[in-house]
Structures are given as structure tokens and as C-alpha cells.
Amino acid sequence: MQSSYDTFRARADAVRAQIDAACRNCGRDPAEVELLAVTKTHPAEAAAWAARYGLRAVGENRVQEGVEKRAQCTASIAWELIGHLQSNKARLAAQHFDRVQSVDSEKLINHLNRAAAEAGKVLPVLLQINAGNDPAKFGAEPADAERLLIHALAQPALRVDGLMTIAPLSDDPAVAARTFANLREIRDRLAAQTGAPLRELSMGMSDDMESAIAAGSTIVRVGTALFGSRETA
Ligand SMILES: *Cc1c(COP(=O)(O)O)cnc(C)c1O
């Protein structure tokens with residue numbers, strides 16, 4: 001629907017302007033920060049809008065939902081998994097997603113590597129780290145990040161692009177800022193220790209992208225600010 005795409009385009013322009021302003025505020029090049037459109041709970045058409053707007057990729061948080069939408073979507077765009085992944089869905093995820101951002105255990109690494117090898121591909125991944133030490137969040141504990149990374153780097157059918165985190169829900173913006181700064185520190189330390197570039201830092205969503213960008217985010221995952229509230233979807 002034309003009017004719906006127009007609404008999306010206006011929102012995407014506003015989000016992109018917000019990203020660019022946040023970059024200027026901290027002396028970063030706006031080209032370093034990608035806008036990942038989070039299409040979860042929205043119809044496949046949302047991914048088509050993102051493609052038409054020129055975005056590289058969309059993010060989905062459930063395997064089955066993403067697989068179904070991708071099958072319905074004729075637009076050319078990459079699909080990334082950003083939600084918790086259970087090992088028994090690793091095969092499906094490796095087959096149908098272009099990158100998995102939510103890799104948080106050795107078991108999952110093993111399953112994804114095997115499935116990617118069988119699918120004849122090298123699967124790009126990010127390691128999800130619970131950098132805010134949030135008991136309610138998935139992600140590897142920061143203390144386990146090095147062991148997890150070394151294990152992932154040894155898998156021939158995986159390519160580790162970087163790290164991902166979700167900030168704890170909090171009314172205090174300092175909590176998210178600390179979480180993002182922590183992920184950045186973990187990345188810098190692990191990159192120095194292993195020699196892996198770990199270029200991508202996937203952090204920041206609709207409500208906390210400025211603080212994530214200030215801490216070095218290269219991918220902001222934005223749903224609500226692009227597609228509206230999910231409650232009514
Ligand atoms: C839903 C979701 C987002 C987007 O959240 P918004 O607040 O709607 O921008 C980002 N990352 C993950 C992992 C999500 O599940």
C-alpha cells in the first residue's frame with residue numbers, strides 16, 4: 001500500500017537523521033552505523049518496504065516467523081536472526097538466515113557449524129553477550145566471552161563478525177550506557193587477544209540508540225520507531 005510505505009519512509013528518514021545526528025555528536029562517520037529494520041510481528045510487506053528504502057537487512061527474533069516471511073517476500077534483502085535460538089532450531093536458522101546475531105553457547109556454535117557445513121555455506125554470526133549482567137536476558141556471561149569466541153573462531157563453517165547485546169530494561173539511561181560501554185570494552189579486549197577484527201557491535205534499539213552509538217555501535221536494531229508499536233500489530 002502506497003500510503004503505508006510513505007509512512008514507513010517518513011519514519012525511516014527520521015530514524016536515519018537521528019542516527020546521523022548521534023554520530024556527529026560523538027565525532028563518528030554516519031556510514032559506520034547500519035540501520036537494521038526489526039520486522040518481528042509485522043507482515044512480510046514490512047521487509048519489502050525496508051528493501052525498497054534501500055536497507056541491507058531486516059531482523060527477526062523467531063526462526064519460524066522469519067522463515068515464513070522470507071518465503072513470502074519477493075524483495076531482495078538479507079535476513080538476520082536477533083532472538084534467542086535453541087539448538088534444535090539451529091539447522092533451520094542456518095539454512096534460512098544470512099546471519100545469526102544471538103549465538104550464546106558452545107552447543108549452539110557446534111549445531112550451527114554442522115548445519116552450515118551441510119548447507120554448503122559459511123554462516124556469519126555475532127556472539128550475544130549479556131553485557132548488562134541482566135538475569136532476564138539471554139547471552140553469554142562476559143566472563144565466558146573469550147572461551148566462546150575462541151571456540152567459534154575454530155569452526156570452519158562460521159564467520160564471527162562481532163558481538164551483540166541487549167541492554168537491561170531500566171528507567172535509568174545510565175544502565176544502558178554502562179552495558180554498551182562494557183560490550184565495547186569486551187570487544188576491544190577480545191580483538192586484541194585473538195586478532196579477530198570483530199568489527200560489528202550490534203547494540204541499541206528504538207529507545208537507546210544514541211547512547212549505543214556513542215559507545216561505538218555499528219548496527220542499531222530498530223523496530224518500533226520504524227513500524228510503530230507492536231501491541232496493536
Ligand atoms: C524487538 C527487538 C529489537 C527492536 O526493539 P524496538 O524497541 O522495537 O526498536 C531489537 N533487538 C532485539 C533483539 C529485539 O528483539
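A residue counts as near a molecule if one of its heavy atoms lies within 4 Å of it. By that rule, the residues around the ligand are V38, K40, I82, I166, M205, S206, R221, V222, G223, T224 and R230. The model is predicted: local features need pLDDT of at least 70, side-chain atom pairs count only at pLDDT 80 or more, and totals for chains, interfaces and linings use all residues. Numbering starts from 1 along each chain as its sequence is written, and side-chain values use heavy atoms, with hydrogens and water left out.

Start with the ligand. A polar side-chain atom of S206 lies 2.5 Å from one of its oxygen atoms. R221 places a polar side-chain atom 2.9 Å from a ligand nitrogen atom. At G223, a polar backbone atom is 2.9 Å from a ligand oxygen atom. The protein covers 90% of the 390 Å² of accessible area that the ligand has on its own (Shrake-Rupley method, 1.4 Å probe).

Now turn to E80. This residue is found in strand β3, residues 78–81 (strands are DSSP runs of E, at least two residues; helices are runs of H or I, at least four; both are numbered from the N terminus). Is E80 buried or exposed? E80 is buried, with a relative accessible area of 1% (buried means under 20%, exposed over 50%, partly exposed in between, with a 1.4 Å probe and protein chains only). Leaving aside neighbours within four places in sequence, E80 is in contact with residues including L36, V58 and F97 (contact means heavy atoms within 4.5 Å).

Just after α2, G54 takes a positive phi of about 105°.

How values were computed
Polar contact = N/O pair within 3.5 Å; in protein donor to acceptor, adjacent residues only side chain to side chain.
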